[in-house]
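Subject: Model for you to look at

Hello,

Here is the structure I promised to pass on. Please open it alongside the notes below.

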Amino acid sequence: MRGVSIIPQTLDMPTPFPHLLSPSPASAMAPAAVVLSQDEQKRVAAYRAVDFVQSGMVLGLGTGSTAVHALDRIADLLRRGVLHDIVGIPTSKQTESIARALKIPLSDLDAHPIIDLSIDGADEVDPFLNLVKGRGGSLLREKMIEGASKKFIVIVDESKMVGRLGGSGLAVPVEIVPFGWSYTLSKLKALFELERGFNAKLRTRVEEDGKEVPFVTDNGNYIIDLYFENGIERDLGLLSDSLLRIVGVAEHGMFLGMATSVIVANKDGEITVINK
């Protein structure tokens, strides 16, 4: 695979699930196979990524269920004095709230336009380390902060690996301004009018009273979710340019050539580090 190196690893740190790896005396001679849940796989990958954090770093703090494990680990190392003088730049209001509760020192991109390392999850990773991100709604801030990073480590469980972006059949998000959103949606649909199995729709959420309303990002924008029956089969770079040329599009969720490493954990607790 051109430009990508794959390094299988075992966890070289105290495992966050020691009870899963220590058989009881009754089963010591024939221990049962360890099978980690998806959330446990995420935690193993996140802990491995935090091994790359050094004192004095400015860190991009990712958003989502995988990234929160990295936040927990960073906070623990700060409390124990293993790390110090860390500054975090959160990629969402949700991450900012979690990091403040964990007492991780925070700043912003204006004060720190160059970030040493960002750690975040991804919704999809293709064989060339291109990503789909933003199903949680934070793609614009994530792309700004991770694009300003010297290194960007992506942490995933094995289910996020795909043959091509969009291949999971789940959403490839596009953040748009609310003004004229239906017009922008029509332009996005026209871009893919010859694409078999394509669909696009406005992301919504249901309020407590049962009313369906548009999902609103931290930036006050809407999201159009793109769906591909067979994944994206066209040139990703050209597609990126075409999407960004549509007036009303703020950003899309394809992160092309941005990841420097991807850490993948599987259900057996094994870790693979894929470097660009």
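A word on naming: helices (H or I, at least four residues) and strands (E, at least two) are DSSP runs, numbered from the N terminus. On that basis the protein has seven helices and 16 strands.

This is a predicted model, so local features need pLDDT of at least 70 and side-chain atom pairs count only at pLDDT 80 or more, while totals for chains, interfaces and linings use all residues. Residues are numbered from 1 along each chain as its sequence is written, and side-chain values use heavy atoms, with hydrogens and water left out.

Overall figures

The protein has 276 residues, and 46% of them count as buried. Buried means under 20% relative accessible area, exposed over 50%, partly exposed in between (1.4 Å probe, protein chains only). Contact means heavy atoms within 4.5 Å. Take the contacts between residues at least 6 apart in sequence: 75% of these join residues at least 24 apart. The accessible surface comes to about 13500 Å², by the Shrake-Rupley method with a 1.4 Å probe. Carbon and sulfur atoms hold 53% of that surface.

Two strands pair if DSSP finds at least two bridges between them.

Strand β8

Look at β8 (residues 172-176) next. Five of its five residues are buried, so β8 is largely enclosed by the rest of the structure. Val172, Val174 and Ile176 point one way, Pro173 and Glu175 the other. In a regular strand the side chains alternate between the two faces of the sheet.

β8 pairs with β12 (residues 222-228) over five bridges, in the antiparallel sense. Pro173 stands opposite Asp225, and Glu175 has Ile223 as its bridge partner. With β13, β8 makes three bridges, again antiparallel. There, Val174 is partnered by His252.

Helix α7

Which residues of α7 (residues 236-244) are buried? Leu236, Leu239, Ser240 and Leu243 are. They lie on the same side of α7 because they cover an arc of only 105° around the axis. The arc is that of the directions from the helix axis to the C-beta atoms. Their cover includes α6, β12, β13 and β14 (254-255).

At the start of α7, a side-chain oxygen of Asp235 reaches to within 3.0 Å of the backbone nitrogen of Gly237.

The three-stranded sheet

β14 also belongs to an open antiparallel sheet with the order β5-β6-β14. β5 (124-125) and β14 are at the edges with a single partner strand each, so one side of each is left without a neighbour in the sheet. Two bridges join β6 (residues 131-132) to β14. Val132 stands opposite Met254 there.

Best wishes

Conventions
Polar contact = N/O pair within 3.5 Å; in protein donor to acceptor, adjacent residues only side chain to side chain.
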